[in-house]
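Subject: Structure handover

Hello,

Here is the structure for you to look through. My notes on it come after.

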Amino acid sequence: MDNAKDDAGDKSEDNPEETPKDVTVHTAAQAEEDDVSASASASGSGETRGTSHGLKGLASTLAEADRSEALVPDVGHESTYMPEGKGASSGPASPLLRTAGRVTRGVGRRIFLGIVGFGAVVTLVGGRLSRVADDTVLGRILPATGRFRIYSVTNEMPRRKLEDWSLTIEGDVENPQRFTYADLEALGFETDEQDFHCVTGWSVYNVRWTGIPLGRLLDLAGVKEDRNVRFFSFDGVYTESLSVREARLPGNMVAVALNDSPLSLQQGFPARVIIPSMYGYKGTKWVDRILVEEDLVAGYWVLRGYDQDGTVGASNGFGS
Amino acid sequence: MALAPEVTRGDSALSTRILRFDWGERVFHWSHALAFFLLAGTGAVMFFPSLSTAVGNRNIVRTAHEFGGFAVPILAMVALALSPFLRRDLAEIDRLDQADREWWSGGWLEDLFPSRQEISGLPSPRVPSSGKFNAGQKMNAICSAAAMTLLFGTGLVMYFHTRFPLWLKQGAILVHDIVAIAVVLLVGGHVLLALRDRESLRGMITGKVSRKWGALHHKAWVAEFSAREDTQNAVPGQAVTEDARESR
């Protein structure tokens with residue numbers, strides 16, 4: 001595509017409405033100065049009160065640097081090779097436009113809106129899609145299903161050897177308890193299949209938890225129904241709390257195994273409290289202490305804006 | 001008075017530089033790049049168990065991520081207000097012309113692998129006469145902007161978690177994660193191409209590119225300069241000479 005021949009003879013034709021203009025960059029900060037310098041030479045430096053104070057001074061200094069030693073387009077002028085105001089499709093009106101061919105406006109914004117619209121639709125159906133796809137191959141590919149994300153709130157996850165660990169139930173109870181792992185095992189582990197929902201929107205379905213139901217442990221300790229329980233993690237930071245009534249809900253458990261394998265460090269070894277009817281944050285990984293008390297004391301994420309009652313689909317925003 | 005031959009003939013005609021990105025655009029680009037690395041880094045930490053295990057401190061990581069997320073649209077709005085170049089560039093990105101069509105149907109190969117061009121110094125006739133942005137660059141801008149919009153929108157759903165139902169949060173996290181992965185790939189490609197074409201990278205750092213580079217990759221854009229420059233400098237009856245151009 002050789003422009004030379006096209007342009008040589010037609011130079012008088014192109015840019016008929018163009019007047020020699022000051023070649024300056026019109027930044028917002030410089031609007032006033034440019035009015036003053038409107039008649040300055042075409043070499044582009046213009047007059048500036050460039051050393052004026054603060055941001056304006058900085059802006060004009062930067063704009064001057066832009067203009068130094070370079071050709072600068074006049075952005076107030078419409079492009080001659082791709083004019084703006086000529087309708088959806090425009091044939092060439094000048095030699096330069098001949099290189100542009102047919103110009104179609106509005107393409108960019110249509111593609112943009114198309115992508116955003118598609119994403120919005122997927123957002124609206126994505127929840128159902130994830131649930132349905134979870135059992136399928138698609139569920140393995142989609143990032144929001146089928147796998148746990150690991151959240152922790154301290155620098156490092158706390159490590160404790162199984163033989164050094166015990167779970168105490170203390171506070172306002174008849175019989176304070178201390179269970180080693182062997183003690184819990186002697187009670188007889190139960191396995192339960194539950195869904196795990198994180199409040200942020202990811203879920204893991206059909207998770208098998210193995211451990212001791214929370215209600216059984218509270219019975220052994222002897223608690224009054226009007227009390228509250230608080231779970232403490234031996235990470236030293238994380239706590240959560242429930243009423244005794246909530247703690248007794250079916251499915252709640254001190255779990256020692258996930259999908260038939262002992263908990264990994266990431267998953268809260270050696271034991272974690274799980275509350276399946278509520279979002280994951282209501283549980284407590286690396287648990288070693290259950291305190292029964294009169295007051296209901298807000299736990300880690302509740303202090304940071306999440307609901308005390310974390311029932312799935314009925315809290316933290318209206319229902320599912 | 002021919003135009004394009006000025007651009008192709010010898011090095012002395014090609015020593016002038018052209019302002020491609022004004023300071024507003026450059027500040028926007030680089031501050032946005034910083035925000036991107038913050039978001040991608042914190043996002044990766046939250047997404048990959050090995051990273052979240054190593055880093056912990058979810059509350060801090062998430063807060064930093066949210067900060068980056070809000071910074072992006074704020075930076076965009078400030079840039080749009082401050083940079084007339086940006087506004088005009090957006091208008092060009094909106095338009096599709098013949099060069100774009102050619103670029104998509106094979107012209108990109110010549111444009112991105114111009115080894116033949118660079119050796120000879122002559123623009124290959126098969127490289128489309130792109131304007132300021134070639135079709136690939138336009139597409140990158142459009143897709144990046146759309147991705148950022150989706151990320152911000154779904155991010156808002158996650159941020160205002162007490163106001164939205166579970167099913168919407170589930171959809172939001174799905175889209176957020178998929179688009180995040182896609183945009184990391186997109187930006188990765190963008191960075192790779194920028195590193196391959198040093199003059200192009202220089203354009204985003206200093207704002208200016210050489211006319212020679214422009215003649216190779218954005219012929220129509222450079223031709224526009226030549227036209228306007230000649231018109232402005234022309235004294236009736238006097239030819240525009242090499243020297244006159246050089247002395248500007």
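This is a predicted model: local features need pLDDT of at least 70, side-chain atom pairs count only at pLDDT 80 or more; totals for chains, interfaces and linings use all residues.

Residues are numbered from 1 along each chain as its sequence is written, chains are lettered from A and ligands numbered from 1 in the order in which they are written, and side-chain values use heavy atoms, without hydrogens or water.

Chain B has 13 helices and two strands (DSSP runs, H or I of at least four residues for helices and E of at least two for strands, numbered from the N terminus). Of its 248 residues, 52% are buried (under 20% relative accessible area, 1.4 Å probe, protein chains only).

In helix α10 of chain B (residues 198-206), the buried residues are E199(B), L201(B), G203(B) and M204(B). Their cover includes β1 (17-19), α2 (23-47), α9 (166-196), β2 (208-210) and α11 (211-217) of chain B. Just after α10(B), G207(B) has a positive phi of about 95°.

H65(B) lies in helix α4 (residues 58-82) of chain B and is buried, at a relative accessible area of 17%. Beyond its neighbours within four places in sequence, H65(B) is in contact (heavy atoms within 4.5 Å) with L39(B), T42(B), G43(B), M46(B) and H176(B).

Regards

Methods: Buried means under 20% relative accessible area, exposed over 50%, partly exposed in between (1.4 Å probe, protein chains only).
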